[in-house]
Structure formats: structure tokens, C-alpha cells
Amino acid sequence: MTHHLAQINIGRVRGAMDSEIMRGFASRLLEINALADTAPGFVWRLQTDEGDATSIHVFDDEMLLINMSVWDSVDALFDFTYRSDHLELLRQRADWFHRLDAHFTALWWVPAGHIPTPEEGKQRLEHLNAHGPTPYAFTFKQRFAP
């Protein structure tokens, strides 16, 4: 395999991670991250020593959380996202995150072994929002080959 799929997704939280409104999300982070770590096709995810990425900020808005990961295929990421217990959290997203009026997920291919930086993810998401899906940054609905 010469390429892996990188992804970034963002969300504007409704409160601080230790607030009452975020309790349901925060209480599931460890579980969902462990599910990702053991999912078929998983390669890497962005995290600090605390085991998640909730303290990593690359946007001016401190309430915007980022999540990044690398997978061996689009299908592996799709299956984790929509065919695992992760889907339960997606269904509850509105409880913890404000609705965004732009793309909040971008996908792109990286050479196998490359670990994308948060700044790289930010650039890909901004490109997707400015230009729509292209081989540089795309979506599940409009995919491109490596």
C-alpha cells in the first residue's frame, strides 16, 4: 500500500470540556478513541499525552476541537465512522457541538508512513471549503483515488 487516507474533522463545542453540557461527550472519549485504535484499517490518530486531541487548537476559535486520523482506506474510515459504536456519538453530535455552516470533515491521501500535522489538516479543510471537493481535499460523498 503506497498511500493512506488522512482525515480531519472539527466541531465547535457548546461548552468547556469539563462543563456539564459536555459531560456525555467527554465521558465517552476514552472508549471511542480505544475503539478507533483497534478498528480494522486504523493507522494513527492525533493525541497528546492525555490520549486525546481536545487541547490541540490550530484555529483562532478556542472552542473548535479538531480530530485527525490516518487509515489504510476510505472504506476503513467509513466503516469506523458509520458502522461502529462511533455512530451513536455522531447521532448525539448536536447535544455537544454547534452546527457549522461549512465542511467540518476533509479527507486526503498521504504517502504511507506520513503523519499529517494539525496545520496540514487545517489547510486541507480550508481548501475544501474554498474550492469544493478536489484530489487535494475531498469528502465521503465525492471521493478521489490516491
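# Reading strands, helices and one arginine

Guide: Start with one pair. Valine 13 stands opposite phenylalanine 97, a residue of β4. Keep in mind that this is a predicted model.

Visitor: How many bridges join β1 to β4?

Guide: There are 2 bridges between strand β1 and strand β4, residues 97-98. The two strands run antiparallel.

Visitor: Let me step back. How many helices and strands are in the protein chain?

Guide: The chain has 6 helices and 5 strands. Follow the sequence and the pattern reads β-α-α-β-β-α-α-α-β-β-α. The radius of gyration is 15 Å, close to the 15 Å that the globule rule gives for 146 residues, so the chain is as compact as a globular protein of that length.

Visitor: What box do the C-alpha atoms fill?

Guide: The box is roughly 45 × 35 × 30 Å along the principal axes.

Visitor: What share of the residues is buried?

Guide: Buried residues make up 45% of the 146. The accessible surface comes to about 7900 Å². Carbon and sulfur atoms hold 52% of that surface.

Visitor: What do the contacts say about the distance along the sequence?

Guide: Take contacts between residues at least 6 apart in sequence. Of these, 72% join residues at least 24 apart.

Visitor: Back to the strands. In which sense do β1 and β3 pair?

Guide: To read a pairing, look at sense, bridges and facing residues. Strand β1, residues 3-13, pairs with β3 in the antiparallel sense over 8 bridges. Isoleucine 8 of that pairing faces methionine 68 in β3. Alanine 6 is opposite valine 70 in β3.

Visitor: Which residue of β5 stands opposite alanine 6?

Guide: Tryptophan 108 of β5 stands there. β1 and β5 are paired in the antiparallel sense, over 7 bridges.

Visitor: Is β1 enclosed or open?

Guide: Count its buried residues. In β1, 9 of the 11 residues are buried, so the strand is largely enclosed by the rest of the structure. β3 is mostly covered too, with 7 of its 8 residues buried.

Visitor: Which residues of α3 are buried?

Guide: Val74, Ala76, Leu77, Phe80 and Thr81 are buried in α3. They cover an arc of only 165 degrees around the axis, which puts them on the same side of α3. Their packing partners are β1, α2, β3, α4 and β5 (105-111).

Visitor: Leucine 87 lies in α4. Does it count as buried or exposed?

Guide: The cut-off for buried is under 20% relative accessible area. Leucine 87 is at 19% relative accessibility, so it counts as buried. Setting aside residues up to four places away in sequence, leucine 87 touches Thr81 and Tyr82.

Visitor: Last, the arginine. Where is arginine 45?

Guide: Arginine 45 is in strand β2, residues 42-45. β2 is joined to β3 by 3 bridges, and the two run antiparallel.

Visitor: Why does arginine 45 count as buried?

Guide: Its relative accessibility is 9%, so arginine 45 counts as buried.

Visitor: Which residue's side chain does the side chain of arginine 45 join in a polar contact?

Guide: The side chain of aspartate 37 is the partner, at 2.7 Å. The arginine 45 side chain also reaches the backbone oxygen of glycine 51, at 2.8 Å.

Visitor: What does arginine 45 touch, beyond four places away in sequence?

Guide: Arginine 45 touches Asn33, Asp37, Gly51, Asp52, Met68 and Ser69. Now look from the other side. Asparagine 33 sits in helix α2. At 14% relative accessibility, asparagine 33 counts as buried. With residues up to four places away left out, asparagine 33 touches Arg45, Gly51 and Asp52.

Terms used. Residues are numbered from 1 along each chain as its sequence is written. This is a predicted model: local features need pLDDT of at least 70, side-chain atom pairs count only at pLDDT 80 or more; totals for chains, interfaces and linings use all residues. Side-chain values use heavy atoms; hydrogens and water are left out. Helices (H or I, at least four residues) and strands (E, at least two) are DSSP runs, numbered from the N terminus. Buried means under 20% relative accessible area, exposed over 50%, partly exposed in between (1.4 Å probe, protein chains only). A polar contact is a pair of N or O atoms within 3.5 Å; within protein, one must be able to donate a hydrogen and the other to accept it, and residues adjacent in sequence count only if both atoms are side-chain atoms. Contact means heavy atoms within 4.5 Å. The radius of gyration is taken over C-alpha atoms; the globule rule is 2.2 Å times the number of residues to the power 0.38. Accessible areas come from the Shrake-Rupley method with a 1.4 Å probe; for residues, only the protein chains shown count as cover. Two strands pair if DSSP finds at least two bridges between them. The arc is that of the directions from the helix axis to the C-beta atoms.
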